[in-house]
Amino acid sequence: MGVDNLTRIQTEKYVEILNKYNYQYFVHCYVEDCTLLVDYFEHQNTFNLSFFLYIDKYTNNSCLANVITLLENKRYEFKLIKLVRDEKDLTSIKETKLNILLVPVWTGANNIFFKENVMLNKNDIYTLNPSLEELFRNQKLNSNFFCIFDILNTGDVLPHGSIKKMGNIADTHLADLVSAELKGNNTWRLTRNLTKKCGSCIYRYLCPPISTFEIQSEDFGGCCVDI
Ligand code: SF4
């Protein structure tokens, strides 16, 4: 949810809902939005909160430094995530000493960057060394998506990784949505052996599960491996 769209009243309602449950909450936001959110949440902060802070090419370094100081002073746990679209984004990160997780972002126009830097090649596969548990899991379900629903602000529910709306949380019971996804298998049990290219590849259970990128680009098995 963009912070610009949150009015004070909406935020108070939102915080009230969060306060009802004793969960740990993870707030995902851009660095620029963090200070405002900390301010919002601090007034009623009775729950356990951690931040995932997204950095992109528009992020200002002094803003980032201020946000890190703020979160450290308030003893919030946080992770820094850099959204990487191209070589330039990769180069800019090399100069920093911060511990930053890189997340590639497919724009539809950076396929070459993806092929060169994100997609697997044979050497990558041989260094994967998955556990027996992961090998078994890769035969049965997709651990990127399994048991995760995305719920839009309209209440529409989508299996994570899919663009297919399954129903609305306002009038559909969660158990029915779970049952529909287990039967329909949009993403939860989308394993590599169900796709054309990967299905006949000897690495199909070694490779990491199908990603959102592959679903959105309709390029299953878009690796650099000739089979
Ligand atoms: S074809 Fe599919 S299973 Fe085979 S290496 Fe490529 S991504 Fe992995």
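Q: In which loop of this predicted model is Asn 185 found?
A: Phi of Asn 185 is near 50°, a positive value in a residue other than glycine. Most residues other than glycine have a negative phi. As for its place in the predicted model, Asn 185 is found in the loop between helix H8 (174–184) and helix H9 (196–199).

Q: Does Asn 185 count as buried, partly exposed or exposed, and why?
A: A residue is buried if 20 or more other C-beta atoms lie within 10 Å of its own, and exposed if 12 or fewer do. Asn 185 has 16 C-beta neighbours inside 10 Å, and therefore counts as partly exposed.

Q: Why does Cys 147 count as exposed, and what is its number of C-beta neighbours inside 10 Å?
A: Cys 147 lies in the loop between helix H7 (132–140) and S5, and has a positive phi of about 70° although it is not a glycine. Cys 147 counts as exposed because its number of C-beta neighbours inside 10 Å is 12.

Q: Which strands are the edge strands of the open sheet of 3 strands?
A: The order of this open sheet is S5-S6-S7, and its pairing is antiparallel. An edge strand here pairs on one side only, and this holds for strand S5 (149–151) and strand S7 (167–168).

Q: Which residue in S7 stands opposite Val 157?
A: Strand S6 (residues 156–159) and S7 run antiparallel and are joined by 2 bridges. In S7, the residue that stands opposite Val 157 is Gly 167.

Q: Which element gives the most to the largest nonpolar core?
A: The largest nonpolar core has 6 residues, namely Val 31, Cys 34, Phe 51, Leu 53, Ile 55 and Val 67. At least two residues of this core come from each of helix H2 (31–42) and strand S2 (48–55). With 3 residues, the element that gives the most to this core is S2.

Q: With which residues is Val 31 in contact, leaving aside its neighbours within four places in sequence?
A: Val 31 is one of the residues of the largest nonpolar core. Leaving aside its neighbours within four places in sequence, its contacts are Leu 53, Tyr 54, Ile 55, Thr 59, Cys 63, Leu 64 and Val 67.

Q: How many residues of the shell around the ligand are nonpolar?
A: The ligand is surrounded by 13 residues, and the closest are Cys 198, Cys 201, Cys 207, Gly 221 and Cys 223. By class, this shell has 1 polar and 3 charged residues, while its nonpolar residues number 9.

Technical notes. Residues are numbered from 1 along each chain as its sequence is written. This is a predicted model: local features need pLDDT of at least 70, side-chain atom pairs count only at pLDDT 80 or more; totals for chains, interfaces and linings use all residues. A nonpolar core is a set of buried Ala, Val, Leu, Ile, Met, Phe, Trp, Tyr and Cys residues joined through C-beta atoms within 7 Å. Helices (H or I, at least four residues) and strands (E, at least two) are DSSP runs, numbered from the N terminus. Two residues are in contact if their C-beta atoms, placed from the backbone, lie within 7 Å. Two strands pair if DSSP finds at least two bridges between them. A residue is near a molecule or strand if its C-beta atom, placed from the backbone, lies within 6 Å of it. Ala, Val, Leu, Ile, Met, Phe, Trp, Tyr, Cys and Pro count as nonpolar, Asp, Glu, Lys and Arg as charged, and the others, Gly among them, as polar.
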